[in-house]
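Here is my note on the model.

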There are 2 protein chains.
Amino acid sequence: MPFTELHCHTLREWGRHNYKPYGMACYGKTASQDMINLVSIIVDGEEELIKKPRLLGVYNPTSPLLQTKILLNGLFIFAKYNQPLLISSAASAGSTSPVTLAGTLVQTNMEVLSAIVLTQLINPGTPVLYGSTNTIMDPTNGNPAYGSIEFSLITIASAQLAHYYNIPSKGSGALTDSKCFDVQNGFERFMTLYCAASAGHNFITCAGTYETLLSESFELLIIDDEMAGIIKRGLKGISVTKETLALDQIRKVATEKKNYLMLKHTVKNTRKEIFVPKLVNREKRGIWRKNGAKDIITVAKERVDEILETQKGPDLSSNIEKQIAKYTQIVTSRSLEDYIKLEGIDNSKGTIDVAGVKIE
Amino acid sequence: MPFTELHCHTLREWGRHNYKPYGMACYGKTASQDMINLVSIIVDGEEELIKKPRLLGVYNPTSPLLQTKILLNGLFIFAKYNQPLLISSAASAGSTSPVTLAGTLVQTNMEVLSAIVLTQLINPGTPVLYGSTNTIMDPTNGNPAYGSIEFSLITIASAQLAHYYNIPSKGSGALTDSKCFDVQNGFERFMTLYCAASAGHNFITCAGTYETLLSESFELLIIDDEMAGIIKRGLKGISVTKETLALDQIRKVATEKKNYLMLKHTVKNTRKEIFVPKLVNREKRGIWRKNGAKDIITVAKERVDEILETQKGPDLSSNIEKQIAKYTQIVTSRSLEDYIKLEGIDNSKGTIDVAGVKIE
């Protein structure tokens with residue numbers, strides 16, 4: 001499938017199967033306008049879409065310090081139609097930003113804020129998210145390391161910057177550089193998700209991914225859902241009240257030869273205090289073996305199969321399907337040359353400096 | 001091997017192979033005195049051992065609110081010889097302590113503090129660690145869940161209590177309830193280790209374990225060492241100085257068409273800013289496949305083999321070996337009945353109430 005049609009097919013499937021808002025890169029004014037038009041067909045008109053935004057435009061400045069013309073073209077469309085824009089640099093410290101994490105934050109902060117300012121000039125009040133997909137370059141092989149602790153530190157600091165500016169923020173979590181379902185995969189995805197969540201990011205992307213964002217797995221998506229529940233319980237912390245301090249209960253057990261399993265206090269508070277995970281295995285080895293000695297991916301796979309079998313999407317009416325099919329013809333009939341012409345891209349200088357030589 | 005001899009063989013192997021201090025449960029005055037005697041042989045005398053403690057006595061109150069006689073017997077010996085004591089309850093919220101985490105902290109705080117007070121009455125100044133091995137009972141199967149977020153919350157809170165009392169503290173980390181080397185194993189062990197470390201515990205136990213502490217793996221031990229490095233980098237945070245903010249470097253790249261890979265600033269700061277893990281894989285899939293598509297356990301196994309082949313322990317002189325062999329004969333000639341008699345255990349009431357009926 002040519003990438004110039006990708007958005008079209010993706011949004012049709014989104015309309016058929018999904019109840020939630022959806023995000024795509026605002027890749028050019030042509031594709032972005034297509035997205036607005038397609039989603040307008042699905043949600044019954046532009047007016048409804050503007051009133052109740054369903055699309056999220058993902059806009060990445062190009063580090064260091066560039067805003068590319070094609071993405072700016074798309075940003076204009078999303079802002080015009082009041083769809084939220086997620087502005088997020090994806091710098092690699094040591095390669096496309098300073099190797100020092102503080103320096104990476106300074107540079108990408110400029111990149112993100114300048115794009116946010118643009119959205120407000122285009123359409124004041126356009127909803128935006130202050131994002132970070134910044135990480136370090138692994139010094140041994142030059143690859144971006146998304147499963148690194150430095151990635152997590154940058155994620156935490158970017159939430160703090162967003163809070164400082166009072167802008168809702170986006171971090172990435174559940175990332176790993178592992179290419180398989182191993183212990184590395186598990187600990188890196190928890191680390192990045194926990195750090196993003198505990199830093200207070202409003203929106204956290206990348207669940208289900210592995211291989212430095214290049215792969216996606218349904219099983220991991222289900223596991224990340226469970227990890228999100230675990231972390232949510234963690235962020236609730238420990239409730240300290242007369243009821244939870246339970247001095248009277250401790251006295252009862254100490255003086256009346258009762259045990260905690262018998263107490264009403266236990267029944268009453270178990271659900272409030274204890275998060276019960278669905279995939280994690282806490283059985284003794286004998287029982288675990290008897291039940292097939294399954295690892296968590298195997299258990300998640302069973303849940304995935306169940307969901308795929310039973311869950312139904314909203315589906316689209318035949319009328320909407322017809323309109324989308326018609327629109328799809330327009331998109332598929334465009335050549336890459338048409339596309340380039342429509343975007344007004346001069347291949348020799350496709351970028352605009354943010355700071356350029358004027359930086360002080 | 002009868003458990004009444006275990007400490008003897010363990011400490012001999014410790015002496016042969018280990019350069020670090022070692023901890024064992026202070027299981028009775030007989031075994032504890034054996035431990036003191038054996039280690040004294042190894043380190044050249046009681047006086048040296050008292051001056052520079054090498055043994056850590058692990059003392060667990062029995063929740064709810066009991067101190068068992070046999071462990072108290074051992075606690076007396078360790079305190080007398082000035083060896084540090086790790087005092088740590090292992091309550092299971094909902095079963096042996098209140099289901100509310102705050103209530104579990106109240107009860108186990110009493111258990112730990114009362115035992116600590118005892119150590120100071122026996123020998124003022126005895127070094128102690130305020131510990132927590134408390135967790136929740138999984139409500140679905142009744143097992144203690146050491147890989148749970150509630151375990152981590154209790155671990156964090158117990159560090160705060162220890163800080164409040166200004167007593168060095170012990171938490172547990174790298175725990176999991178998984179029975180295999182899967183994604184659950186990875187994320188639970190990171191969660192528990194990260195929480196224990198970031199809460200500021202002075203001493204963190206349980207590296208290398210899985211299956212709710214029932215199993216130990218060399219490969220996991222090596223992975224936990226790497227995770228410790230990662231977390232240590234995390235706790236260092238982000239250094240914010242003129243050098244790390246790197247405004248001059250950003251300006252250079254923006255105005256002089258330089259890139260960060262070329263800058264001295266990058267070379268100079270890479271090692272300071274970036275932690276380079278040894279086991280984690282960050283290669284692209286093609287290279288990873290070409291190198292055998294190894295998961296992290298396989299990589300760790302190679303490192304384990306290398307360590308076992310090359311690392312040498314301190315070994316013991318033939319004179320010390322002879323003395324230990326002689327002492328071992330004393331220990332192995334004891335029957336279980338001898339042991340019970342030596343401890344003065346009356347089977348009908350082997351425990352002492354801490355709070356008993358006097359609790360107000």
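**Notes on the interfaces**

1. Domain 1 of chain A and domain 2 of chain A bury about 650 Å² between them, with 61% of that area from carbon and sulfur atoms. Buried area is the accessible area (1.4 Å probe) that two parts lose on being put together, summed over both. A:I223, A:E226 and A:R233 supply 68% of what domain 1 of chain A buries against domain 2 of chain A, more than any other three residues.

2. On conventions: this is a predicted model, in which local features need pLDDT of at least 70 and side-chain atom pairs count only at pLDDT 80 or more, while totals for chains, interfaces and linings use all residues. Residues are numbered from 1 along each chain as its sequence is written, chains are lettered from A and ligands numbered from 1 in the order written, and side-chain values use heavy atoms, leaving out hydrogens and water.

3. Domain 1 of chain A spans 6-237 + 310-358, and domain 2 of chain A spans 242-296. These bounds come from an automatic or database domain assignment. Their C-alpha centres lie 41 Å apart. Seven residues of domain 1 of chain A and eight of domain 2 of chain A make the contact (heavy atoms within 4.5 Å).

4. What polar links join the two domains of chain A? There are five residue pairs in polar contact, both at pLDDT 80 or more. A polar contact is a pair of N or O atoms within 3.5 Å; within protein, one must be able to donate a hydrogen and the other to accept it, and residues adjacent in sequence count only if both atoms are side-chain atoms. The number of salt bridges between these domains is zero (side-chain nitrogen of Lys or Arg within 4 Å of a carboxyl oxygen of Asp or Glu).

5. Now the chain pair. Chain B and chain A bury about 7800 Å², 69% of it on carbon and sulfur atoms. Chain B contributes 94 residues to the contact and chain A 93.

6. Six salt bridges are counted between chain B and chain A. A:D138 and B:R282 meet in a salt bridge through their side chains, at 2.6 Å from N to O. The interface of chain B and chain A also has 30 residue pairs in polar contact, both at pLDDT 80 or more.

7. Chain B superposes on chain A by a rotation of 180° with 0.0 Å of shift along the axis, at RMSD 0.0 Å. The same surface serves both copies, as 99% of the contact residues of chain B recur in chain A.

How values were computed:
Least-squares fit on C-alpha atoms with pLDDT ≥ 70 in both.
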